[in-house]
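Subject: Structure handover

Hello,

Here is the structure for you to look over. My notes follow below it.

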Amino acid sequence: MTHPARNDPETVYTITKAPRGAAPVASYVQARPVVAEAPLPGAELVTLPGGEQQWAYVHPRADPVPVAPARQPIPAWAKTAALLMWSASGSAALAGYGLSLAGPWLKALAYMFMAFAVAVTVVAFVVRGLFSGSRRRGGGGSTTAEATATATGRTVLGGKVTATATAIATNK
C-alpha cells in the first residue's frame with residue numbers, strides 16, 4: 001500500500017489523555033422539527049415523550065360538545081292547574097264580592113236567630129215555672145200532652161219528601 005506523501009509540517013491528529021474525574025455532561029438541546037415532506041399522505045410529525053420526533057398517523061381529536069339538558073315536557077296536572085287557576089281565582093273574587101254585598105243581611109239574619117233562641121229559652125223557663133208551681137201546690141191529677149210536627153220538602157231530583165214526628169208527655 002502506498003501512502004501519499006505529505007509535505008506540510010502539521011500533525012494530522014494528536015493523542016491526548018482524558019482527565020480523571022467526572023465526565024462532562026452535554027446540556028439537553030430540544031430537537032428541532034425536521035422540515036420535510038411527510039413520507040406518506042396523512043402522516044404528521046409528532047414528538048414522543050423522550051423528545052424524539054417521528055412521523056405517525058394521528059386520529060383527529062373531537063372535543064366533546066357540551067350537550068344541553070333535554071327539556072322535560074310539562075306534566076298534564078300542571079297544565080290543568082294553570083288553566084283552572086283563572087276560574088278558581090275569578091270564582092273566589094266573585095264570592096268575596098257577593099259576601100261583601102250580603103254582609104249586612106247576614107249580620108241581621110244572625111241577630112234574628114240569636115233573638116229567636118233567647119225568646120224560646122225565656123218561654124221554656126216561663127212554662128216550666130208555671131207548671132212546676134201548680135205541682136207544688138198539690139193540685140190536679142195527671143197531665144198528658146201530645147204534639148205532632150210534619151215537614152215537607154223537595155229532593156234534588158224533584159221528588160217530594162214528608163216527615164212526621166209525634167211526642168207524648170205524661171205527668172203523674
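Buried residues make up 2% of the 172 residues in the protein. Buried here means under 20% relative accessible area, exposed means over 50%, and partly exposed is in between (1.4 Å probe, protein chains only).

This is a predicted model, in which local features need pLDDT of at least 70, side-chain atom pairs count only at pLDDT 80 or more, and totals for chains, interfaces and linings use all residues. Residues are numbered from 1 along each chain as its sequence is written, and side-chain values use heavy atoms, with hydrogens and water left out.

Confidence comes next. pLDDT is the predictor's confidence in each residue, from 0 to 100. The protein averages 76, and 73% of the residues score at least 70. Among the elements, H1 has the highest mean pLDDT (85); strand E3 (residues 143-154) has the lowest (80). Where pLDDT is low, the predicted coordinates should not be read in detail.

Now the layout. The protein has one helix and four strands. Along the sequence the pattern is β-β-α-β-β. Helices (H or I, at least four residues) and strands (E, at least two) are DSSP runs, numbered from the N terminus. Of the contacts between residues at least 6 apart in sequence, 16% join residues at least 24 apart. A contact means heavy atoms within 4.5 Å.

On to the hairpin. Strands E1 and E2 (residues 53-57) pair in the antiparallel sense over five bridges. To count as paired, two strands need at least two DSSP bridges between them. Leu45 has Trp55 in E2 as its bridge partner. Five residues sit between the strands, and Gly51 takes a positive phi near 100°.

Glu44 is in E1 (residues 43-47). Leaving aside residues up to four places away in sequence, Glu44 touches Gln54, Trp55, Ala56 and Val58. The C-alpha atoms of Glu44 and Gln54 are 8.2 Å apart.

Last, the surface. The protein exposes about 16800 Å² (Shrake-Rupley method, 1.4 Å probe; for residues, only the protein chains shown count as cover). Carbon and sulfur atoms supply 64% of that area. Leu106 lies in helix H1 (residues 76-136). Leu106 counts as partly exposed because its relative accessibility is 45%.

Best wishes
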